Amino acid sequence: MTATDQPAPRRDHHGGGVAGTHLRAAIARARRRRRGRGGRTPISLGERLADVVAATVGSWRFILVQSGLLGAWIAGNAVAGHSAWDPYPFILLNLMLSFQAAYTAPIIMMSQNRSADLDRDRASADYQVNVRAEAEIALLHEKVDLLRQRELDELLMLLKATLARLEARHDQGGAPA
């Protein structure tokens, strides 16, 4: 079996081989999938607000501002003494901080849940890409193995032909070349 006995790999109009065609098809599928979803899903006002609150509360700026306000609250009440609006043990301050914690915790959880959903979608897309890449690599391995087998068959055929010629020369009484 020679290389001319096998059909040549299909070529597209850009001059690339089969692998180039597969790559272009994969890119086209990804584009159609993105367009089918309409790009990114629009973010609702609540989701945007949750992201802003989580970004604000989770910053050093917030911690520094809140620490300054708490210090001012405590200092103001300590200086005012018995006429303070929230005397020691600062029950009003404790109530305000409890309200803040009660509302910010679920808002931060909403933001984290949305981030987890986005991460899950990205992980799923990565998995699909990895599965396709694995299939393409397996296909390439098969093609390389097939090419090796063709080369071995062709070499074997050439060796047999050379051996037959040498035997023919030897049978004719000529010296081997």
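Residues 130-169 form a span that is 100% helix and 0% strand, with end C-alpha atoms 58 Å apart; helices (H or I, at least four residues) and strands (E, at least two) are taken as DSSP runs, numbered from the N terminus. UniProt assigns the feature "coiled-coil region" to residues 130-169 in an unreviewed entry. Positions from UniProt follow the numbering used here, feature names are shortened, and the annotations may be inferred rather than shown by experiment.

The structure is a predicted model, in which local features need pLDDT of at least 70 and side-chain atom pairs count only at pLDDT 80 or more, whereas totals for chains, interfaces and linings use all residues. Residues are numbered from 1 along each chain as its sequence is written, and side-chain values use heavy atoms, with hydrogens and water left out. The mean pLDDT (the predictor's confidence in each residue, from 0 to 100) is 85, and 81% of the residues reach 70 or more. Over residues 6-16 pLDDT stays under 50, and for this segment the model has 13 contacts beyond four places in sequence, a contact being heavy atoms within 4.5 Å.

The protein contains four helices and zero strands, in the order α-α-α-α along the sequence. Of its 177 residues, 10% are buried; buried denotes under 20% relative accessible area, exposed over 50%, and partly exposed the range in between (1.4 Å probe, protein chains only). The accessible surface amounts to about 14,400 Å², and carbon and sulfur atoms account for 64% of that area. Such areas were computed by the Shrake-Rupley method with a 1.4 Å probe, and for residues only the protein chains shown count as cover. Where contacts join residues at least 6 apart in sequence, 50% of them link residues at least 24 apart.

Helix α2 covers residues 45-57, and its 13 residues should span 18 Å at 1.5 Å a residue, which agrees with the 18 Å between its end C-alpha atoms. The expected span is 1.5 Å times one less than the number of residues in the helix. Ala-50, Val-53 and Ala-54 are the buried residues of α2. Viewed down the helix axis, the buried residues of α2 fall within an arc of 100 degrees, so they line one face; the arc is that of the directions from the helix axis to the C-beta atoms. An α-helix has 3.6 residues a turn, so residues three or four places apart point the same way. The face of α2 turned away from the buried side bears the exposed residues Leu-45, Leu-49, Val-52 and Ala-55. Helix α4 is included in what covers the buried residues of α2.

Helix α3 comprises 21 residues (60-80) and reaches 30 Å from its first C-alpha to its last, close to the 30 Å expected at 1.5 Å a residue. Within α3, Gln-66, Trp-73 and Asn-77 are buried. These buried residues fall within an arc of 20 degrees when seen down the axis of α3, so they line one face of the helix. They pack against α4, which runs over residues 91-171. On the face of α3 turned away from the buried side lie the exposed residues Trp-60, Arg-61, Leu-64, Ala-78 and Val-79. Asn-77 counts as buried because its relative accessibility is 4%. Apart from neighbours within four places in sequence, Asn-77 contacts Ala-84, Trp-85, Asp-86, Pro-87 and Phe-90.

Several backbone features follow α3. Gly-81, just after this helix, adopts a positive phi of about 70 degrees. The peptide bond from Tyr-88 to Pro-89 is cis, with omega near 25 degrees, and Pro-89 lies in the loop between α3 and α4. Phe-90 is also placed in the loop between α3 and α4. Phi of Phe-90 is near 55 degrees, a positive value in a residue other than glycine, and Phe-90 is buried at a relative accessible area of 15%.

In helix α4, Arg-114 is buried, with a relative accessible area of 18%. Beyond its neighbours within four places in sequence, Arg-114 is in contact with Ile-43, Glu-47 and Asp-51.

The unreviewed UniProt entry also lists residues 52-76 and 88-110 under "transmembrane region". In the model, residues 52-76 are 92% helix and 0% strand, with end C-alpha atoms 31 Å apart. Residues 88-110 are 87% helix and 0% strand, and the end C-alpha atoms of this span lie 35 Å apart.
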